[in-house]
Amino acid sequence: MANKVLVTGGCGYIGSHTIVDLLKHGFEVISADNLSNSDERVLDGIEKITGKRVVNYRIDLCDLAATQRLFAAHPDLVGIVHFAALKLVGESVAQPLRYYRNNLNSLLNVVDCALRHEVPHFIFSSSCSVYGNAQELPVTETTPWQRAESPYARTKQMGEQILRDMARVHPNWQVILLRYFNPAGAHESALIGEAPTNPASNLVPVITETAIGKRPQMVVFGDDYPTRDGSCIRDYIHVMDLANAHTKALQYLMEGRNESNCEVFNVGIGQGVSVLEAIRAFEKVTGKKLNYRIGPRRPGDVVAIYANYDKAARLLGWRPKRNIEDIMRTAWRWEVARTGAAHSDVSKR
Ligand code: NAD
Ligand code: WQD
């Protein structure tokens with residue numbers, strides 16, 4: 001059975017973990033990534049885990065001609081998983097044009113090529129940020145969107161709308177929009193994990209970087225929220241569980257089980273974890289005391305958000321298998337492994 005999949009952003013954090021899961025389930029994979037926030041060394045890690053070498057095409061997907069050449073060279077694609085995007089919320093507030101240009105132009109080019117080349121299945125990386133400050137918890141796929149809190153979040157709202165419009169006029173094209181909550185953790189092997197070129201700002205890498213000494217101290221952004229311990233609540237989803245949602249979504253489309261040609265799914269664990277609970281989970285699984293202080297609230301943070309994932313469970317047969325402790329254990333092993341590797345790189349010079 002033809003099963004070649006194009007993963008855009010395949011050298012990035014979620015893309016690389018998804019490639020591992022796709023290969024494990026018998027898919028053939030090619031990646032297209034301009035390495036603006038990643039490094040091709042991740043392909044070595046993927047090869048060590050799976051025994052398979054994935055080729056990355058280093059192209060900017062905003063370059064339509066280069067994207068067309070890629071599709072022309074691979075006329076046998078059965079699906080696309082489109083991860084490529086810039087993702088820093090704060091940076092998007094400071095540089096909105098760069099975010100709109102990159103995230104929307106790359107999406108438009110990939111969609112254009114997918115339709116021209118009749119690649120039938122398309123999975124899009126959306127985000128819980130489309131909900132904005134949700135008025136009901138947990139959020140379901142039908143919870144109304146509030147105003148986007150950043151240009152980044154707006155690129156995800158617009159991306160979803162573009163895909164809905166395109167799916168309406170191309171009824172043979174099958175699209176799934178996956179709304180990720182807070183992805184974190186790493187592959188069990190510690191051979192791949194989150195390795196951004198840009199400085200990390202998400203909670204879990206900030207915790208592991210503090211514990212290993214790359215940062216002197218971390219700040220908990222506010223303990224005066226109306227939550228059980230005063231800190232914000234999020235739905236942290238292990239990256240390997242999230243990766244598997246993509247495989248399940250592709251299989252669902254390829255088996256023709258979808259009810260419409262553009263469907264949306266929340267991908268979270270369905271439980272809120274507070275910042276202080278996340279820190280305690282880290283301390284429990286590693287036995288390390290984290291150096292943190294309570295600071296002021298971070299502008300733009302929502303108080304609490306977590307998913308209802310019943311739809312993904314019912315239709316995709318997907319369920320998260322890992323919890324916050326698995327996230328902290330694997331994130332910590334990855335931090336130790338990559339920091340050790342960085343030190344040995346230095347000592348070899
Ligand atoms: P990431 O930065 O690790 O991966 C994105 C990859 O896309 C990078 O390797 C980058 O080099 C590449 N890329 C960016 N623009 C490109 C372009 N124009 N052409 C080619 N390659 C390009 O990010 P991630 O955390 O793996 O996120 C993947 C997707 O999931 C993104 O669309 C992101 O918005 C979305 N998402 C991420 C999170 C999160 O917290 N990590 C949450 C919800 C949604
Ligand atoms: C989590 C919690 C912080 C760092 C972002 C995007 C969202 C989606 C997921 C892409 C918050 C607190 C954090 C620190 C802290 N991404 N925190 N000290 O903001 O929930 O979501 O990533 O689509 O769109 O907005 O994630 O990891 O930054 O923060 O106290 O040094 O940890 O205040 O409560 P966030 P995060």
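Helices (H or I, at least four residues) and strands (E, at least two) are DSSP runs, numbered from the N terminus. The views show a predicted model, in which local features need pLDDT of at least 70 and side-chain atom pairs count only at pLDDT 80 or more, while totals for chains, interfaces and linings use all residues; side-chain values use heavy atoms, with hydrogens and water left out. Residues are numbered from 1 along each chain as its sequence is written, and chains are lettered from A and ligands numbered from 1 in the order in which they are written.

**View 1. The shell around ligand 1.**

**View 2. Polar contacts of ligand 1.** A polar contact is a pair of N or O atoms within 3.5 Å. One nitrogen atom of ligand 1 lies 3.0 Å from a backbone N or O atom of Leu-61. A polar side-chain atom of Asn-102 is 2.9 Å from a nitrogen atom of ligand 1. The side chain of Tyr-152 places an N or O atom 2.6 Å from an oxygen atom of ligand 1. Taken alone, ligand 1 exposes 820 Å², and the protein buries 96% of that (accessible areas by the Shrake-Rupley method with a 1.4 Å probe).

**View 3. Ligand 2 and its surroundings.** Ligand 2 is surrounded by 19 residues, the closest being Ser-127, Tyr-152, Leu-203, Arg-234 and Asp-301. An N or O atom in the side chain of Ser-127 is 2.7 Å from an oxygen atom of ligand 2. For the side chain of Tyr-152, the distance from an N or O atom to an oxygen atom of ligand 2 is 2.5 Å. At Leu-203, a polar backbone atom is 2.8 Å from an oxygen atom of ligand 2. Ligand 2 taken alone exposes 680 Å², of which the protein buries 87%. Helix 7 (203-212) and strand 8 (218-221) each supply at least two residues of the shell, with strand 8 giving the largest share, 4 residues. By class, the shell has 11 nonpolar, 5 polar and 3 charged residues.

View 4. On a 1 Å grid over the protein atoms alone, a cavity is a set of points where a 1.4 Å probe fits but cannot get out, and lining residues have an atom within 4 Å of a point. A volume is the space filled by probe spheres set on the points, which are joined across faces, edges and corners. Helix 11 (324-348) and helix 7 each supply at least two lining residues; helix 11 gives the most, with 4 residues.

**View 5. The second largest cavity.** The second largest cavity has a volume of about 70 Å³. Among the residues that line this cavity are Asn-37, Lys-87, Glu-194 and Asn-202. By class, the lining has 4 nonpolar, 4 polar and 2 charged residues.

Note on methods:
Near = heavy atom within 4 Å. Polar contact = N/O pair within 3.5 Å; in protein donor to acceptor, adjacent residues only side chain to side chain. Nonpolar A, V, L, I, M, F, W, Y, C, P; charged D, E, K, R; others polar. 1 Å grid on protein atoms, 1.4 Å probe; cavity = no way out; pocket = protein on both sides within 12 Å on 5 of 7 lines; lining within 4 Å.
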